[in-house]
Amino acid sequence: MRHFSEVYALMRRRNKKQYALLAGCCFFSVLLITAYVCMMRAPTVLNVLPEGGDSRKQVMMIFILAVIGCAVFTTYASGLFFRQKSRETGVFLALGASRAQVRGELYRELGVISLGSCAAGAVLGGPLAWILWQFFRLAVVDTEEMRLVFNPYAYLFSLAFSAFVIVMMFLLGSRSVRRTNIIDIVQESHKSEPIRNVPRWYGLVGIGLLALGAFLGYMSSAFFVQVLHWYPPEGLTAVFYLPALIGLYMMLLHTVVNGWNGKKKLYKDLIATSQMRFQGRQTVRNMLVMTLLIAGAYFGSFYTPTMGTGAMIGYDARPVDYVYHFRADQDIPLEEEVRALAEEYGVTITDFAAAPMVRLAVDGDDRIEEEGPMGITWRKEYKEVMQSELFLSASGYEALTGERVDLAGGEIRGVIDAEGSKLLFDPSKSLVTNYLTREQLPVTSLEPLRYDSLFGLNVMNDEDFAALGAGLPEEWRETQVCFNVENCGETYDFAKALFNEIVDRSTEDVAQYDSWDPVVRDRDIAKEGFYFLDPEHLEEAGFSEIDYAQRDSSAFRLGWQYMPEFRVLDKADFVKTVAVFLILFVFIAVVCFSAVFVIAYTRCLTIALTNRKVYDDLRHLGASNAYLRRSVRGQVKRVFLVPALVGTGLIYAFYVMVMYFNGNPPGITYSEAAGLLTALAVIAAVSALMYGVYRLTLAQVCRALDIRR
């Protein structure tokens with residue numbers, strides 16, 4: 001060989017596994033990020049996830065975790081590559097090669113690896129997302145709404161992450177060549193990254209900080225808004241999660257250095273424990289990334305079972321099979337037409353009740369937002385006319401439910417669900433107003449009634465109902481209908497036909513979102529000049545229009561103000577109704593768990609490559625095959641087991657806390673408890689899968705180290 005490039009190429013061929021490992025890590029990271037962002041920014045998903053909604057925030061939070069995890073993973077892989085390559089770099093420099101020569105060859109390699117792997121990951125990320133989405137459509141549900149459309153601007157995120165990977169690799173490569181001491185360069189690949197002595201109190205303090213950070217991070221937003229009346233800048237509340245991150249790091253340090261078994265197994269696992277300590281920094285970094293990704297993956301995984309379990313329990317708990325309401329100016333089927341339709345489908349209606357309702361204005365505290373030196377703050381301002389709500393008469397409530405309610409003049413009772421949720425119940429209402437005639441009635445709010453099918457309504461006595469409803473046109477009057485049927489589970493065709501009849505006979509005047517309010521609309525138009533829920537302003541507010549032609553879509557069924565509640569229809573079409581939500585979060589979980597498995601597998605193979613000489617020496621010193629295998633298993637098990645236990649326990653405890661504080665009053669309802677039990681089943685299934693990957697990885701590591709089973 002006459003040229004330096006030829007010698008360099010020969011060394012590259014001899015170390016092709018290291019190059020393949022680096023290229024594979026970069027490719028996989030960019031592939032996952034591209035697939036995630038293509039899905040996250042797809043119009044198909046954005047049309048269902050409203051701007052500023054909790055679901056979109058959850059998706060973004062998990063995306064940030066995935067980006068951090070993949071960034072740390074690629075940085076670690078690059079650092080490992082340059083550590084392994086440092087010996088040949090030092091030899092070339094010792095033999096007289098100039099740093100410029102070595103740098104030039106290295107840059108040429110990095111250019112090919114980084115650009116090639118990142119480009120391949122970016123190009124294949126979109127098709128991967130599309131293939132997974134189509135698989136979910138075939139396996140779960142397939143509707144017109146599920147047609148996936150990509151937004152080309154999503155690739156800007158992919159390009160940004162690819163740019164980070166490329167720049168990071170060149171910076172680390174340049175630093176590796178820039179070292180001045182050739183001996184240090186030669187010995188770089190043999191250096192360990194041990195952790196100094198870690199006090200045993202790190203474990204318990206870490207757990208405490210972890211719990212404190214999770215609590216502060218979740219509750220800080222409510223504290224700022226509800227107590228301080230201040231809307232904090234975007235991202236400020238994330239600072240309060242830092243104690244959790246510090247605690248997690250401390251706990252992982254304690255686990256790697258000290259373990260949780262005291263000194264009982266110190267000598268039995270001496271080799272495995274010592275090797276984990278010598279590579280402690282690398283190990284803890286990997287465990288931290290894996291723990292965060294596992295937590296994010298489970299957070300996405302829990303969405304589907306908890307939502308589905310809660311919904312099914314809610315459907316079964318409804319006291320009425322069929323419930324719908326409509327504005328009085330609409331030509332919607334009533335008892336005679338409904339019975340005729342039921343007879344056509346062979347359905348027997350056992351009871352039928354309809355009651356009039358009126359839309360009245362109620363008082364309340366408005367939030368007046370003001371811009372100040374600290375940002376946006378708000379203050380309460382009492383308004384006699386705050387918003388509108390629907391009211392039933394006491395006799396109407398009795399006709400619908402069979403429950404007698406005795407109310408004196410000026411007394412009202414709200415209706416909440418059977419589990420006692422008061423999220424939509426304001427016990428402080430003291431004034432009810434006819435918005436058009438301005439006739440007012442001071443009221444006293446009594447203990448709420450519980451009836452799932454009439455959730456959110458109010459009840460007043462018949463005299464007050466008649467007096468306040470006088471003079472209201474049909475646009476301010478509604479009819480509530482409830483009826484039961486025999487063998488409800490066998491009446492899907494009838495339910496579908498009645499649903500279509502209701503939608504077909506509804507006019508565009510009532511194509512409104514559930515939160516549309518004529519009182520709020522008038523106030524917003526007077527103050528701002530527009531109402532964000534009017535059709536012409538929906539798009540800029542991040543909402544899609546209520547379209548009768550898309551009556552099976554999530555936006556329509558979850559958002560339409562007059563959406564019927566038919567038990568058999570809701571149960572049968574649940575997956576179809578929330579398909580985008582379900583598949584999105586399943587996709588997120590698949591992406592995050594895939595990243596966890598690849599990172600764990602890569603880390604364990606790194607252990608094999610790094611410690612091959614150690615195990616060869618142990619073998620020559622007389623160590624048995626069983627001892628060597630037990631030592632390897634001890635290291636691989638920690639790489640898998642510790643992040644799995646910590647990440648799973650952390651996110652499940654956090655999820656329980658979210659469920660507890662999410663209600664009003666705080667607590668865990670029966671449906672939420674059932675959802676949490678279902679989440680445990682998900683944990684069991686994923687744990688079994690993770691154990692399978694662990695066994696596969698252990699076998700690969702033993703094969704790489706020539707350790708027989």
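This short talk covers surface patches and salt bridges in one predicted model.

Ground rules. Residues are numbered from 1 along each chain as its sequence is written, and side-chain values use heavy atoms, with hydrogens and water left out. Because the model is predicted, local features need pLDDT of at least 70 and side-chain atom pairs count only at pLDDT 80 or more, while totals for chains, interfaces and linings use all residues.

Start with charge on the surface. Glu474, Glu475, Glu508, Asp509, Glu536, Glu539, Glu540, Glu545 and Asp547 form a negative patch. Patch members have over 30% relative accessible area and no salt bridge; like charges are joined within 9 Å, nonpolar side chains (Val, Leu, Ile, Met, Phe, Trp, Tyr) within 5 Å. Areas are Shrake-Rupley with a 1.4 Å probe, and for residues only the protein chains shown count as cover. Asp and Glu count as negative, Lys and Arg as positive; His and chain ends are not counted. Each charge is placed at NZ of Lys, CZ of Arg, CG of Asp or CD of Glu.

Take Glu475. It sits in the loop between helix H14 (462–469) and strand S11 (477–485). Helices (H or I, at least four residues) and strands (E, at least two) are DSSP runs, numbered from the N terminus. Glu475 is partly exposed because its relative accessibility is 41%. The cut-offs: buried is under 20%, exposed over 50%, partly exposed in between, with a 1.4 Å probe and protein chains only.

Next, the nonpolar patch. Leu212, Phe215, Leu216, Tyr660, Phe661 and Ile668 make up about 480 Å². Helix H8 (201–227) and helix H22 (625–662) each give two or more residues. H8 has the largest share, three. Phe215 lies in H8 and is partly exposed, at 36%.

Now salt bridges: a Lys or Arg side-chain nitrogen within 4 Å of an Asp or Glu carboxyl oxygen. The count is 20.

Which residue pairs with Asp321? Arg567, with the closest N and O atoms 2.7 Å apart. That pair links distant parts of the chain: Asp321 in the loop between helix H11 (280–317) and strand S2 (322–327), Arg567 in helix H18 (567–572), 246 residues apart. Both partners are buried.

Asp329 bridges to Arg327 at 2.9 Å. Asp329 is partly exposed at 26%; Arg327 is buried at 8%.

Lys496 and Asp552 meet at 3.0 Å, N to O. Lys496 is in helix H15 (492–504) and Asp552 in the loop between helix H16 (518–528) and helix H17 (554–559), so the pair ties together parts 56 residues apart in sequence.

Last item: bridges with shared partners join Asp331, Glu337, Glu501 and Arg505 into one network.
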